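Biologist: I would like to go through this structure with you. Shall we take the chains in turn and then look at how they meet?

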Amino acid sequence: MIKTDVVIIGAGPTGLFCAHQLGIIGLKCEIVDNLDKIGGQCIELYPDKPIYDIPAVPKCTGVELTNNLIEQIKPFNFNFHLSDRVQELKNENNKWLVKTLNGKEFETPNIVIAGGVGSFEPRKFPTKSAEKYDGKSVLYSIKDKTIFKDKSVVIFGGGDSALDWAIELSNSSKVTLVHRRDEFRGAPASVQKIKELSDNKTIDLITKYSIKDVKGNGSLESVEIKSETGESKVIKADYVLGFFGLIMQLGPIAEWGLNLDKKTIPVNTENFETKKKGIFAIGDICTYPGKLKLILSGFHEGALAARGCFKYARPDEKYRFEFTTASSTIKDRLGVKE
Amino acid sequence: MAKIKYIEFNGTEHEADVVNGLSVMEGAIQNDIPGIDADCGGGMSCATCHVYINDDEWFKKLPEKEMGEDDMLDQAFEPKSNSRLSCQLIVSDDLDGLTVHMPEKQV
(Lines give C-alpha, C1' and ligand atoms only; values in the text may rest on other atoms or scores of the structure.)
Protein backbone atom coordinates (compact mmCIF):
# COMPACT_ATOMS: atom_id res chain seq x y z
CA MET A 1 0.00 0.00 0.00
CA ILE A 2 1.44 3.32 -1.12
CA LYS A 3 0.29 6.34 0.94
CA THR A 4 0.28 9.62 -0.92
CA ASP A 5 -1.43 13.01 -1.02
CA VAL A 6 -2.85 12.64 -4.53
CA VAL A 7 -3.26 9.92 -7.15
CA ILE A 8 -3.39 11.37 -10.66
CA ILE A 9 -5.08 9.24 -13.30
CA GLY A 10 -3.59 10.12 -16.67
CA ALA A 11 -0.09 11.25 -17.64
CA GLY A 12 -1.11 13.61 -20.44
CA PRO A 13 -0.20 17.31 -20.37
CA THR A 14 -2.99 18.16 -17.93
CA GLY A 15 -2.03 15.45 -15.44
CA LEU A 16 1.64 16.38 -15.71
CA PHE A 17 1.08 20.07 -15.07
CA CYS A 18 -1.25 19.30 -12.17
CA ALA A 19 1.61 17.21 -10.72
CA HIS A 20 3.85 20.26 -11.10
CA GLN A 21 1.38 22.44 -9.21
CA LEU A 22 1.12 19.82 -6.46
CA GLY A 23 4.91 19.75 -6.19
CA ILE A 24 5.06 23.53 -5.98
CA ILE A 25 2.66 23.61 -3.03
CA GLY A 26 4.48 20.78 -1.28
CA LEU A 27 2.21 17.79 -1.94
CA LYS A 28 3.23 14.33 -3.12
CA CYS A 29 1.52 12.43 -5.90
CA GLU A 30 1.60 9.15 -7.80
CA ILE A 31 0.69 9.12 -11.50
CA VAL A 32 -1.01 6.15 -13.19
CA ASP A 33 -1.42 5.77 -16.96
CA ASN A 34 -2.57 2.94 -19.16
CA LEU A 35 -0.07 3.72 -21.92
CA ASP A 36 3.49 2.44 -21.69
CA LYS A 37 4.80 6.00 -22.03
CA ILE A 38 4.19 9.47 -20.61
CA GLY A 39 2.27 12.06 -22.66
CA GLY A 40 -1.28 10.86 -23.25
CA GLN A 41 -2.95 11.93 -26.49
CA CYS A 42 0.00 14.24 -27.26
CA ILE A 43 2.30 11.26 -27.55
CA GLU A 44 -0.14 8.68 -28.90
CA LEU A 45 -2.25 10.66 -31.35
CA TYR A 46 -0.11 13.52 -32.57
CA PRO A 47 3.54 13.19 -31.44
CA ASP A 48 4.85 15.03 -34.51
CA LYS A 49 1.99 17.42 -35.21
CA PRO A 50 2.71 21.02 -34.27
CA ILE A 51 0.55 22.66 -31.59
CA TYR A 52 0.14 26.43 -31.97
CA ASP A 53 -1.88 27.46 -28.94
CA ILE A 54 0.27 26.86 -25.89
CA PRO A 55 0.71 30.29 -24.26
CA ALA A 56 4.15 31.77 -24.93
CA VAL A 57 5.14 28.77 -27.07
CA PRO A 58 4.44 29.76 -30.69
CA LYS A 59 4.87 26.21 -31.96
CA CYS A 60 5.73 22.83 -30.49
CA THR A 61 4.98 19.19 -31.19
CA GLY A 62 3.25 16.74 -28.87
CA VAL A 63 6.62 15.14 -28.11
CA GLU A 64 8.27 18.47 -27.33
CA LEU A 65 5.43 19.57 -25.07
CA THR A 66 5.57 16.25 -23.20
CA ASN A 67 9.34 16.37 -22.80
CA ASN A 68 9.20 19.91 -21.45
CA LEU A 69 6.51 19.00 -18.94
CA ILE A 70 8.52 15.96 -17.80
CA GLU A 71 11.55 18.24 -17.37
CA GLN A 72 9.45 20.72 -15.41
CA ILE A 73 8.36 18.14 -12.81
CA LYS A 74 11.72 16.37 -12.54
CA PRO A 75 12.70 18.12 -9.28
CA PHE A 76 9.77 16.48 -7.48
CA ASN A 77 10.72 12.86 -8.33
CA PHE A 78 7.13 11.70 -8.60
CA ASN A 79 6.48 8.04 -9.38
CA PHE A 80 4.84 7.00 -12.64
CA HIS A 81 2.90 3.75 -12.86
CA LEU A 82 2.70 3.12 -16.60
CA SER A 83 0.92 0.31 -18.48
CA ASP A 84 -1.49 0.18 -15.58
CA ARG A 85 -5.04 1.33 -15.07
CA VAL A 86 -6.96 2.40 -11.99
CA GLN A 87 -9.66 -0.18 -11.65
CA GLU A 88 -11.40 0.37 -8.35
CA LEU A 89 -12.03 3.20 -5.89
CA LYS A 90 -13.31 2.71 -2.37
CA ASN A 91 -13.91 5.29 0.32
CA GLU A 92 -12.87 4.43 3.86
CA ASN A 93 -12.70 6.96 6.71
CA ASN A 94 -12.45 9.90 4.32
CA LYS A 95 -9.58 8.27 2.44
CA TRP A 96 -9.74 6.78 -1.01
CA LEU A 97 -8.38 3.30 -1.48
CA VAL A 98 -7.28 2.92 -5.08
CA LYS A 99 -6.60 -0.40 -6.79
CA THR A 100 -5.00 -0.87 -10.18
CA LEU A 101 -5.27 -3.62 -12.75
CA ASN A 102 -1.71 -4.76 -11.94
CA GLY A 103 -2.60 -5.05 -8.26
CA LYS A 104 -1.04 -1.83 -6.94
CA GLU A 105 -2.83 -0.16 -4.03
CA PHE A 106 -2.80 3.45 -2.93
CA GLU A 107 -4.29 5.25 0.04
CA THR A 108 -4.97 8.92 -0.61
CA PRO A 109 -7.32 11.74 0.36
CA ASN A 110 -7.38 13.00 -3.24
CA ILE A 111 -7.79 11.60 -6.72
CA VAL A 112 -7.35 13.77 -9.79
CA ILE A 113 -8.86 12.29 -12.93
CA ALA A 114 -6.99 13.69 -15.92
CA GLY A 115 -8.03 10.87 -18.16
CA GLY A 116 -8.71 12.66 -21.46
CA VAL A 117 -11.20 10.68 -23.49
CA GLY A 118 -10.33 7.50 -21.64
CA SER A 119 -7.52 5.00 -21.71
CA PHE A 120 -5.97 3.75 -24.90
CA GLU A 121 -6.83 0.13 -25.60
CA PRO A 122 -6.27 -2.00 -28.67
CA ARG A 123 -9.19 -2.08 -31.11
CA LYS A 124 -10.56 -5.60 -31.09
CA PHE A 125 -12.19 -7.72 -33.78
CA PRO A 126 -15.86 -6.82 -34.33
CA THR A 127 -16.82 -10.51 -34.39
CA LYS A 128 -18.51 -11.77 -31.24
CA SER A 129 -17.04 -15.24 -31.67
CA ALA A 130 -13.52 -13.84 -31.22
CA GLU A 131 -14.25 -12.83 -27.60
CA LYS A 132 -14.23 -16.44 -26.46
CA TYR A 133 -10.57 -16.81 -27.47
CA ASP A 134 -9.48 -13.32 -26.37
CA GLY A 135 -6.14 -13.46 -24.60
CA LYS A 136 -5.62 -17.12 -25.44
CA SER A 137 -5.49 -17.59 -29.21
CA VAL A 138 -6.96 -14.25 -30.35
CA LEU A 139 -4.38 -11.63 -29.41
CA TYR A 140 -3.90 -7.89 -29.85
CA SER A 141 -0.33 -7.68 -28.56
CA ILE A 142 2.52 -10.13 -28.25
CA LYS A 143 4.33 -10.81 -25.02
CA ASP A 144 6.00 -14.12 -25.82
CA LYS A 145 6.67 -14.86 -29.46
CA THR A 146 7.88 -18.41 -28.81
CA ILE A 147 4.27 -19.63 -28.49
CA PHE A 148 3.87 -19.21 -32.26
CA LYS A 149 6.69 -21.58 -33.22
CA ASP A 150 5.54 -24.03 -35.94
CA LYS A 151 1.95 -22.76 -35.63
CA SER A 152 -0.45 -21.27 -38.16
CA VAL A 153 -0.80 -17.58 -37.42
CA VAL A 154 -3.27 -15.28 -39.19
CA ILE A 155 -2.44 -11.59 -38.79
CA PHE A 156 -4.90 -8.78 -39.55
CA GLY A 157 -3.90 -5.16 -40.16
CA GLY A 158 -1.90 -2.89 -42.46
CA GLY A 159 0.25 -0.84 -40.13
CA ASP A 160 3.74 -1.32 -38.76
CA SER A 161 2.74 -3.71 -35.97
CA ALA A 162 0.99 -6.06 -38.39
CA LEU A 163 3.79 -5.92 -40.96
CA ASP A 164 6.65 -6.21 -38.45
CA TRP A 165 5.10 -9.23 -36.75
CA ALA A 166 4.27 -10.88 -40.07
CA ILE A 167 7.93 -10.52 -41.09
CA GLU A 168 9.27 -11.62 -37.71
CA LEU A 169 6.99 -14.63 -37.29
CA SER A 170 7.45 -15.82 -40.88
CA ASN A 171 10.80 -17.30 -39.77
CA SER A 172 9.24 -19.91 -37.57
CA SER A 173 5.47 -19.95 -38.22
CA LYS A 174 3.03 -20.35 -41.09
CA VAL A 175 1.92 -16.74 -41.51
CA THR A 176 -1.09 -15.36 -43.37
CA LEU A 177 -1.46 -11.57 -43.49
CA VAL A 178 -4.94 -10.21 -44.17
CA HIS A 179 -5.65 -6.54 -44.86
CA ARG A 180 -8.79 -4.72 -45.97
CA ARG A 181 -7.17 -2.92 -48.91
CA ASP A 182 -4.15 -3.16 -51.21
CA GLU A 183 -2.26 -0.25 -49.67
CA PHE A 184 -0.41 -0.54 -46.38
CA ARG A 185 0.33 2.26 -43.97
CA GLY A 186 3.50 0.67 -42.57
CA ALA A 187 7.04 1.83 -43.31
CA PRO A 188 7.91 1.49 -47.04
CA ALA A 189 10.79 -0.92 -46.30
CA SER A 190 8.44 -3.24 -44.40
CA VAL A 191 5.83 -3.09 -47.17
CA GLN A 192 8.56 -4.01 -49.67
CA LYS A 193 9.68 -6.92 -47.48
CA ILE A 194 6.11 -8.20 -47.14
CA LYS A 195 5.73 -8.18 -50.92
CA GLU A 196 8.97 -10.16 -51.30
CA LEU A 197 7.86 -12.71 -48.69
CA SER A 198 4.54 -13.02 -50.46
CA ASP A 199 6.16 -13.39 -53.91
CA ASN A 200 8.43 -16.19 -52.71
CA LYS A 201 5.50 -17.83 -50.90
CA THR A 202 7.00 -17.49 -47.42
CA ILE A 203 3.79 -15.84 -46.29
CA ASP A 204 0.27 -15.79 -47.67
CA LEU A 205 -0.86 -12.25 -48.35
CA ILE A 206 -4.60 -11.69 -48.73
CA THR A 207 -5.92 -8.18 -49.37
CA LYS A 208 -9.43 -6.76 -49.63
CA TYR A 209 -10.65 -9.21 -47.03
CA SER A 210 -11.67 -8.76 -43.40
CA ILE A 211 -12.58 -11.09 -40.57
CA LYS A 212 -15.97 -12.78 -40.59
CA ASP A 213 -15.81 -15.45 -37.92
CA VAL A 214 -13.44 -17.53 -35.84
CA LYS A 215 -14.15 -21.20 -35.40
CA GLY A 216 -13.00 -23.91 -33.09
CA ASN A 217 -14.03 -26.62 -30.75
CA GLY A 218 -12.57 -25.64 -27.42
CA SER A 219 -9.39 -24.46 -29.06
CA LEU A 220 -9.21 -22.22 -32.11
CA GLU A 221 -9.11 -24.08 -35.43
CA SER A 222 -9.78 -21.63 -38.23
CA VAL A 223 -10.72 -18.12 -39.18
CA GLU A 224 -13.23 -17.22 -41.87
CA ILE A 225 -12.61 -14.08 -43.87
CA LYS A 226 -14.89 -12.20 -46.24
CA SER A 227 -14.51 -9.78 -49.11
CA GLU A 228 -16.88 -6.90 -49.70
CA THR A 229 -18.17 -8.60 -52.79
CA GLY A 230 -19.38 -11.54 -50.73
CA GLU A 231 -16.67 -14.16 -51.23
CA SER A 232 -15.38 -15.95 -48.18
CA LYS A 233 -12.41 -18.15 -47.35
CA VAL A 234 -11.55 -20.33 -44.40
CA ILE A 235 -7.95 -20.38 -43.19
CA LYS A 236 -6.51 -22.81 -40.68
CA ALA A 237 -5.38 -20.88 -37.63
CA ASP A 238 -3.85 -21.70 -34.27
CA TYR A 239 -3.54 -18.01 -33.47
CA VAL A 240 -5.28 -14.91 -34.80
CA LEU A 241 -3.61 -11.54 -34.25
CA GLY A 242 -5.30 -8.17 -34.76
CA PHE A 243 -3.36 -4.90 -35.09
CA PHE A 244 -5.84 -2.11 -35.70
CA GLY A 245 -4.29 0.60 -33.56
CA LEU A 246 -5.58 1.97 -30.30
CA ILE A 247 -8.96 3.38 -29.39
CA MET A 248 -9.94 5.38 -26.35
CA GLN A 249 -12.23 3.69 -23.86
CA LEU A 250 -13.56 5.33 -20.73
CA GLY A 251 -13.34 2.01 -18.88
CA PRO A 252 -13.90 1.78 -15.11
CA ILE A 253 -14.25 5.60 -14.69
CA ALA A 254 -17.82 5.20 -15.92
CA GLU A 255 -18.63 3.10 -12.86
CA TRP A 256 -17.50 5.49 -10.14
CA GLY A 257 -20.82 7.28 -9.75
CA LEU A 258 -19.60 10.62 -11.10
CA ASN A 259 -22.78 11.56 -13.05
CA LEU A 260 -21.20 11.23 -16.47
CA ASP A 261 -22.56 13.44 -19.21
CA LYS A 262 -21.55 12.33 -22.73
CA LYS A 263 -18.39 10.64 -21.49
CA THR A 264 -17.41 13.73 -19.45
CA ILE A 265 -17.49 14.41 -15.71
CA PRO A 266 -19.30 17.50 -14.38
CA VAL A 267 -17.17 19.60 -12.00
CA ASN A 268 -17.40 22.93 -10.21
CA THR A 269 -15.10 25.63 -11.53
CA GLU A 270 -13.81 26.71 -8.15
CA ASN A 271 -11.55 23.70 -7.64
CA PHE A 272 -12.71 21.16 -10.25
CA GLU A 273 -14.04 18.77 -7.67
CA THR A 274 -16.66 16.30 -8.85
CA LYS A 275 -19.77 15.44 -6.87
CA LYS A 276 -17.60 13.10 -4.77
CA LYS A 277 -15.46 14.68 -2.08
CA GLY A 278 -11.77 14.34 -2.87
CA ILE A 279 -12.27 13.33 -6.50
CA PHE A 280 -11.32 16.03 -8.98
CA ALA A 281 -11.53 15.96 -12.78
CA ILE A 282 -9.48 18.14 -15.12
CA GLY A 283 -8.66 18.39 -18.82
CA ASP A 284 -10.72 16.90 -21.65
CA ILE A 285 -12.62 14.60 -19.32
CA CYS A 286 -14.28 17.35 -17.25
CA THR A 287 -17.22 19.48 -18.24
CA TYR A 288 -18.70 22.77 -16.99
CA PRO A 289 -20.43 25.72 -18.64
CA GLY A 290 -18.04 27.22 -21.18
CA LYS A 291 -15.57 24.31 -21.12
CA LEU A 292 -12.95 24.41 -23.87
CA LYS A 293 -11.00 21.28 -24.69
CA LEU A 294 -7.70 23.10 -24.89
CA ILE A 295 -4.42 22.10 -23.27
CA LEU A 296 -4.19 25.56 -21.69
CA SER A 297 -7.58 25.08 -20.03
CA GLY A 298 -6.30 21.79 -18.63
CA PHE A 299 -3.31 23.62 -17.12
CA HIS A 300 -5.58 26.13 -15.37
CA GLU A 301 -7.88 23.38 -14.15
CA GLY A 302 -4.90 21.42 -12.80
CA ALA A 303 -3.58 24.45 -10.89
CA LEU A 304 -6.92 24.99 -9.15
CA ALA A 305 -7.52 21.30 -8.49
CA ALA A 306 -4.08 21.12 -6.82
CA ARG A 307 -5.17 23.80 -4.31
CA GLY A 308 -8.39 21.84 -3.79
CA CYS A 309 -6.29 18.78 -2.93
CA PHE A 310 -4.27 20.76 -0.39
CA LYS A 311 -7.34 21.22 1.82
CA TYR A 312 -7.83 17.45 2.24
CA ALA A 313 -4.14 16.50 2.30
CA ARG A 314 -3.19 19.10 4.95
CA PRO A 315 -6.42 19.70 6.87
CA ASP A 316 -4.57 21.39 9.74
CA GLU A 317 -2.57 23.79 7.62
CA LYS A 318 -3.66 26.93 5.89
CA TYR A 319 -2.77 27.14 2.21
CA ARG A 320 -0.57 30.12 1.47
CA PHE A 321 -0.40 31.55 -2.03
CA GLU A 322 3.15 32.19 -3.23
CA PHE A 323 4.90 33.13 -6.48
CA THR A 324 7.70 30.96 -7.86
CA THR A 325 9.72 34.13 -8.51
CA ALA A 326 9.71 35.15 -4.87
CA SER A 327 9.20 32.16 -2.60
CA SER A 328 12.29 30.57 -1.11
CA THR A 329 10.16 27.57 -0.03
CA ILE A 330 9.17 26.91 -3.62
CA LYS A 331 12.75 27.38 -4.78
CA ASP A 332 13.85 24.77 -2.25
CA ARG A 333 11.20 22.37 -3.57
CA LEU A 334 12.45 22.98 -7.10
CA GLY A 335 16.05 22.54 -5.96
CA VAL A 336 16.96 25.93 -7.43
CA LYS A 337 20.18 27.44 -6.18
CA GLU A 338 20.65 31.18 -6.16
CA MET B 1 -25.66 25.45 -46.66
CA ALA B 2 -26.43 21.80 -47.26
CA LYS B 3 -29.07 19.45 -45.94
CA ILE B 4 -27.29 16.35 -44.66
CA LYS B 5 -29.11 13.19 -43.70
CA TYR B 6 -27.55 11.05 -40.97
CA ILE B 7 -28.86 7.51 -40.57
CA GLU B 8 -28.01 5.62 -37.41
CA PHE B 9 -27.17 1.91 -37.57
CA ASN B 10 -30.63 1.12 -36.14
CA GLY B 11 -32.26 3.04 -39.00
CA THR B 12 -33.15 6.23 -37.11
CA GLU B 13 -32.89 9.17 -39.49
CA HIS B 14 -31.79 12.70 -38.64
CA GLU B 15 -31.61 15.68 -40.94
CA ALA B 16 -29.56 18.80 -40.34
CA ASP B 17 -28.90 22.01 -42.21
CA VAL B 18 -25.16 22.41 -42.01
CA VAL B 19 -23.49 25.66 -42.97
CA ASN B 20 -20.72 25.70 -45.54
CA GLY B 21 -17.26 25.25 -44.11
CA LEU B 22 -18.25 22.99 -41.24
CA SER B 23 -17.52 19.29 -41.52
CA VAL B 24 -20.19 16.62 -41.73
CA MET B 25 -18.88 15.49 -38.32
CA GLU B 26 -19.42 18.95 -36.81
CA GLY B 27 -22.92 19.02 -38.29
CA ALA B 28 -23.74 15.90 -36.29
CA ILE B 29 -22.09 17.06 -33.05
CA GLN B 30 -23.69 20.53 -33.12
CA ASN B 31 -27.12 19.03 -33.69
CA ASP B 32 -26.73 16.35 -31.01
CA ILE B 33 -27.06 13.57 -33.55
CA PRO B 34 -25.85 10.33 -31.96
CA GLY B 35 -23.57 7.80 -33.64
CA ILE B 36 -20.54 9.98 -34.32
CA ASP B 37 -18.08 10.28 -31.41
CA ALA B 38 -15.26 12.38 -32.87
CA ASP B 39 -12.96 11.73 -29.92
CA CYS B 40 -10.04 13.70 -31.35
CA GLY B 41 -12.19 16.67 -32.30
CA GLY B 42 -11.58 16.61 -36.04
CA GLY B 43 -7.84 16.15 -36.26
CA MET B 44 -7.91 12.96 -38.35
CA SER B 45 -6.18 11.35 -35.37
CA CYS B 46 -8.81 8.82 -34.36
CA ALA B 47 -11.40 6.93 -36.34
CA THR B 48 -14.52 7.64 -34.34
CA CYS B 49 -16.39 9.84 -36.84
CA HIS B 50 -16.51 7.00 -39.34
CA VAL B 51 -19.47 6.89 -41.78
CA TYR B 52 -20.46 4.92 -44.88
CA ILE B 53 -21.57 6.57 -48.10
CA ASN B 54 -23.88 3.91 -49.44
CA ASP B 55 -24.80 5.76 -52.64
CA ASP B 56 -21.99 5.12 -55.10
CA GLU B 57 -22.73 8.29 -57.10
CA TRP B 58 -22.38 10.37 -53.97
CA PHE B 59 -19.21 8.55 -52.91
CA LYS B 60 -17.56 9.49 -56.21
CA LYS B 61 -18.77 13.09 -55.95
CA LEU B 62 -17.16 13.71 -52.57
CA PRO B 63 -13.81 15.46 -52.26
CA GLU B 64 -11.04 12.88 -52.56
CA LYS B 65 -9.44 11.41 -49.49
CA GLU B 66 -6.34 13.18 -48.31
CA MET B 67 -3.18 11.34 -47.33
CA GLY B 68 -3.75 9.54 -44.08
CA GLU B 69 -7.53 9.19 -44.16
CA ASP B 70 -7.38 5.58 -45.36
CA ASP B 71 -4.66 4.83 -42.81
CA MET B 72 -6.95 6.11 -40.08
CA LEU B 73 -9.89 4.18 -41.55
CA ASP B 74 -7.85 0.96 -41.23
CA GLN B 75 -8.29 1.52 -37.51
CA ALA B 76 -12.05 2.10 -37.62
CA PHE B 77 -14.79 -0.31 -36.66
CA GLU B 78 -15.66 -2.40 -39.77
CA PRO B 79 -14.26 -0.14 -42.48
CA LYS B 80 -15.43 -0.75 -46.06
CA SER B 81 -14.48 0.66 -49.43
CA ASN B 82 -17.25 3.27 -49.08
CA SER B 83 -16.03 4.42 -45.67
CA ARG B 84 -15.12 8.04 -44.96
CA LEU B 85 -14.13 10.04 -41.91
CA SER B 86 -16.88 12.62 -41.56
CA CYS B 87 -14.44 15.18 -40.11
CA GLN B 88 -12.80 15.27 -43.54
CA LEU B 89 -16.03 15.99 -45.44
CA ILE B 90 -16.29 19.78 -45.56
CA VAL B 91 -19.79 20.99 -46.29
CA SER B 92 -20.50 23.13 -49.35
CA ASP B 93 -23.61 23.67 -51.48
CA ASP B 94 -22.41 20.69 -53.54
CA LEU B 95 -23.08 18.38 -50.60
CA ASP B 96 -26.75 19.35 -50.36
CA GLY B 97 -28.74 16.11 -50.13
CA LEU B 98 -25.86 13.88 -48.95
CA THR B 99 -26.81 10.86 -46.85
CA VAL B 100 -24.33 9.24 -44.50
CA HIS B 101 -24.84 5.96 -42.68
CA MET B 102 -23.26 5.34 -39.28
CA PRO B 103 -21.52 2.08 -38.40
CA GLU B 104 -22.82 -0.13 -35.62
CA LYS B 105 -20.42 1.60 -33.25
CA GLN B 106 -17.41 3.88 -33.31
CA VAL B 107 -15.24 2.32 -30.57
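Biologist: What radius of gyration does chain B have, and what would a compact globule with 107 residues have?

Modeller: This is a predicted model. Chain B has a radius of gyration of 12 Å. A compact globule with 107 residues would have one near 13 Å, so the two agree.

Biologist: What does the C-alpha trace of chain B span along its principal axes?

Modeller: The trace of chain B spans about 30 × 25 × 25 Å. Of its 107 residues, 37% count as buried.

Biologist: How many helices and strands are there in chain B, and how do the elements run from the N terminus on?

Modeller: Chain B has 3 helices and 5 strands. Starting at the N terminus, the elements of chain B follow the pattern β-β-α-β-α-α-β-β.

Biologist: Which percentage of the contacts in chain B between residues at least 6 apart in sequence join residues at least 24 apart?

Modeller: In chain B, 67% of those contacts join residues at least 24 apart.

Biologist: Let us turn to chain A. Into which domains is chain A divided?

Modeller: Domain 1 of chain A takes in 2-121 + 247-334, and domain 2 takes in 124-244. The C-alpha centres of these two domains of chain A lie 38 Å apart.

Biologist: In what order do the 5 strands of the open sheet in chain A come, and is the pairing parallel or antiparallel?

Modeller: The order in chain A is β6-β3-β2-β10-β22, and the pairing is parallel. β6 (79-81) and β22 (279-281) of chain A stand at the edges, and each has a single partner strand, so one side of each is left without a neighbour in the sheet. From one strand to the next, the twist averages 20°.

Biologist: Which helix of chain A packs on the sheet?

Modeller: Helix α6 (residues 295-313) of chain A does, touching β2, β10 and β22 of chain A. The direction of helix α6 makes about 165° with that of β10(A).

Biologist: How many bridges join β2 to β10 in chain A?

Modeller: There are 4 bridges between β2 (residues 6-9) and β10 (residues 110-113) of chain A, and these strands run parallel. Among the paired residues, A:Val6 has A:Asn110 in β10(A) as its bridge partner.

Biologist: Finally, how many residues does the contact take from chain A and from chain B?

Modeller: Chain A contributes 18 residues to the contact and chain B contributes 16 residues. On the side of chain A that touches chain B, the residues divide into 7 nonpolar, 4 polar and 7 charged.

Note on methods
Residues are numbered from 1 along each chain as its sequence is written. Chains are lettered from A and ligands numbered from 1 in the order in which they are written. This is a predicted model: local features need pLDDT of at least 70, side-chain atom pairs count only at pLDDT 80 or more; totals for chains, interfaces and linings use all residues. Helices (H or I, at least four residues) and strands (E, at least two) are DSSP runs, numbered from the N terminus. The radius of gyration is taken over C-alpha atoms; the globule rule is 2.2 Å times the number of residues to the power 0.38. A residue is buried if 20 or more other C-beta atoms lie within 10 Å of its own, exposed if 12 or fewer, and partly exposed in between; C-beta atoms are placed from the backbone. Two residues are in contact if their C-beta atoms, placed from the backbone, lie within 7 Å. Two strands pair if DSSP finds at least two bridges between them. Axes are lines fitted to C-alpha atoms, for helices over the stretch in contact, and angles run from 0 to 180 degrees between N-to-C directions. Ala, Val, Leu, Ile, Met, Phe, Trp, Tyr, Cys and Pro count as nonpolar, Asp, Glu, Lys and Arg as charged, and the others, Gly among them, as polar. Domain bounds come from an automatic or database domain assignment.
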